[in-house]
Amino acid sequence: MLAPPAHKIVTPPHPNPEPNPIRQIAALPYRPDSGAIDAPVRILLVTSRESGRWVIPKGNPPVGIAAHAAAALEAEEEAGVTGLVCPTALGSYRYRKKRSNGASLMFDVDVFPLAVNAELSAWKEQSQRERRWFSLAEAAAAVDEPDLKNLIRSFGQSEFKAATRRNGILNAVAEKSKVKPMFAWFQRLLPKTGNFFELFEAHAVTLVAGADALARLMQDGNRDHIREVIEREHDADEIIREMLKTVRETFLTPFDRGAITSLIGSMDDSIDEMQAAVQAIDLYEVTNFEPEMRDMAAIVVDAARLTAEAMPLLRDVGRNGARLHELTARLVRMETQADETHRAGLKRAFKELGPTDPLRFSVYREVYKHLERIVDAFEDVANEIDGIVIDHA
């Protein structure tokens with residue numbers, strides 16, 4: 001008689017399985033409130049088609065398109081705006097959506113900052129949505145998702161703007177060819193204690209302005225942007241000379257003298273490389289810019305913005321240590337993203353141009369080299385800030 005078959009042991013499923021949420025991408029369109037370099041940032045929101053509540057442009061990432069590029073497409077289709085989108089996500093938020101079949105599903109949305117440089121008069125979903133510019137505080141209050149509220153708030157430069165209102169320095173730096181009178185005013189105001197924080201903040205303005213000009217050059221190819229980057233670099237040179245002079249003449253400094261000179265030096269390396277990049281573009285008469293070049297320029301824009309936010313926070317490292325660490329962590333992530341973008345751009349250029357047009361490939365490689373060095377310098381800025389936080393927080 002045959003023995004009965006052995007019972008098969010089956011592991012029961014987890015009583016409460018937690019499938020991964022559906023992933024989406026979104027753009028956070030932003031722009032200055034006015035043409036002034038120190039203008040507050042505004043955020044563009046659109047209404048959802050179903051409920052009419054305020055949201056950011058988002059959707060499902062299509063196959064074969066990078067996440068940040070897909071976010072830029074959503075912004076163009078839903079909000080009618082175009083610009084440079086940073087390939088490094090600002091963060092993500094989670095929300096639950098009820099579908100037409102009754103299912104209520106969880107979504108995770110990766111959010112990519114998009115520096116808006118054009119608003120379209122007609123766009124795909126114009127008849128289905130309303131668009132409106134909000135201040136950061138208004139935008140955070142208008143959206144429903146708590147995590148998205150926090151992301152929008154984290155994008156702000158409130159301390160940077162407060163510093164602008166305190167000392168009036170940033171408007172002066174933004175005006176071309178007026179750096180020396182500004183420093184004379186500095187010296188009359190603070191002749192004994194030094195003006196380190198004001199100089200850090202003033203230099204940050206040159207970074208933001210230079211990065212914006214570089215990005216515009218990558219967008220429209222106008223040679224005026226080359227001249228502006230070079231002018232901003234000259235402004236930065238004046239600032240770093242004043243900083244080194246102040247370090248020598250001041251007995252009591254807020255940080256170690258080596259930390260001060262290393263931080264301002266790494267910031268200066270960033271704008272020096274911006275100048276080197278536009279000079280190479282000018283020398284080799286580059287007029288067409290590859291998508292990877294524009295992606296790296298978008299990273300530079302966002303890195304400059306974060307650096308500008310970080311500078312006023314150094315006035316009180318103990319209180320602002322956590323926020324400074326968050327900003328430097330973002331800068332490091334951007335550098336990693338820039339490395340990947342750099343490699344992808346070089347690889348594509350070599351495949352397309354290497355066998356047939358080696359001279360053009362060499363030119364592209366030179367431009368990529370300087371773009372990578374800009375972001376590397378911003379990572380150095382992050383490392384210097386982290387060192388100050390460790391020593392003084």
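Biologist: How many aromatic pairs does the count come to?

Modeller: This is a predicted model, and the count comes to 5 aromatic pairs. One of them joins Phe 350 and Phe 361, with 5.6 Å centre to centre and 70° between the planes. Planes over 60 degrees apart count as edge-to-face, and this pair is edge-to-face.

Biologist: Which parts does the pair of Phe 350 and Phe 361 tie together?

Modeller: Phe 350 belongs to helix H11 (residues 317-353) and Phe 361 to helix H12 (residues 358-392), so the pair links parts that are 11 residues apart in sequence. Phe 361 has a relative accessible area of 12% and is buried.

Biologist: Which residues form one aromatic cluster?

Modeller: Tyr 93, Tyr 95 and Phe 107 do. Tyr 95 also has a charged neighbour: Lys 58 lies over the face of the Tyr 95 ring, at 5.1 Å from its centre. In a further case, Arg 31 lies over the face of Trp 133, at 4.0 Å from the ring centre.

Biologist: How should I approach the nonpolar core?

Modeller: In soluble globular proteins, nonpolar side chains tend to be buried together. Here the largest nonpolar core has 97 residues, of which Ile 43 and Leu 314 touch the most other members.

Biologist: Which residues does Leu 314 touch, not counting those up to four places away in sequence?

Modeller: Leu 314 touches Phe 197, Phe 255, Leu 263, Leu 324, Ile 385 and Ile 388. A second, separate core has 16 residues, among them Ala 27, Ala 70, Phe 112 and Val 116.

Terms used: Residues numbered from 1 in each chain as written. Predicted model: local features only at pLDDT ≥ 70, side-chain atom pairs only at ≥ 80, totals over all residues. Heavy atoms only, no water. Phe/Tyr/Trp six-rings, centres within 6.5 Å; stacked < 30°, edge-to-face > 60°. Helix = DSSP H or I, 4+ residues; strand = E, 2+ residues; numbered from the N terminus. Buried < 20%, exposed > 50% of the residue type's maximum accessible area, 1.4 Å probe, protein only. Lys NZ or Arg CZ within 6 Å of the ring centre and 35° of its normal. Core = buried A, V, L, I, M, F, W, Y, C linked by side-chain atoms within 4.5 Å. Contact = heavy atoms within 4.5 Å.
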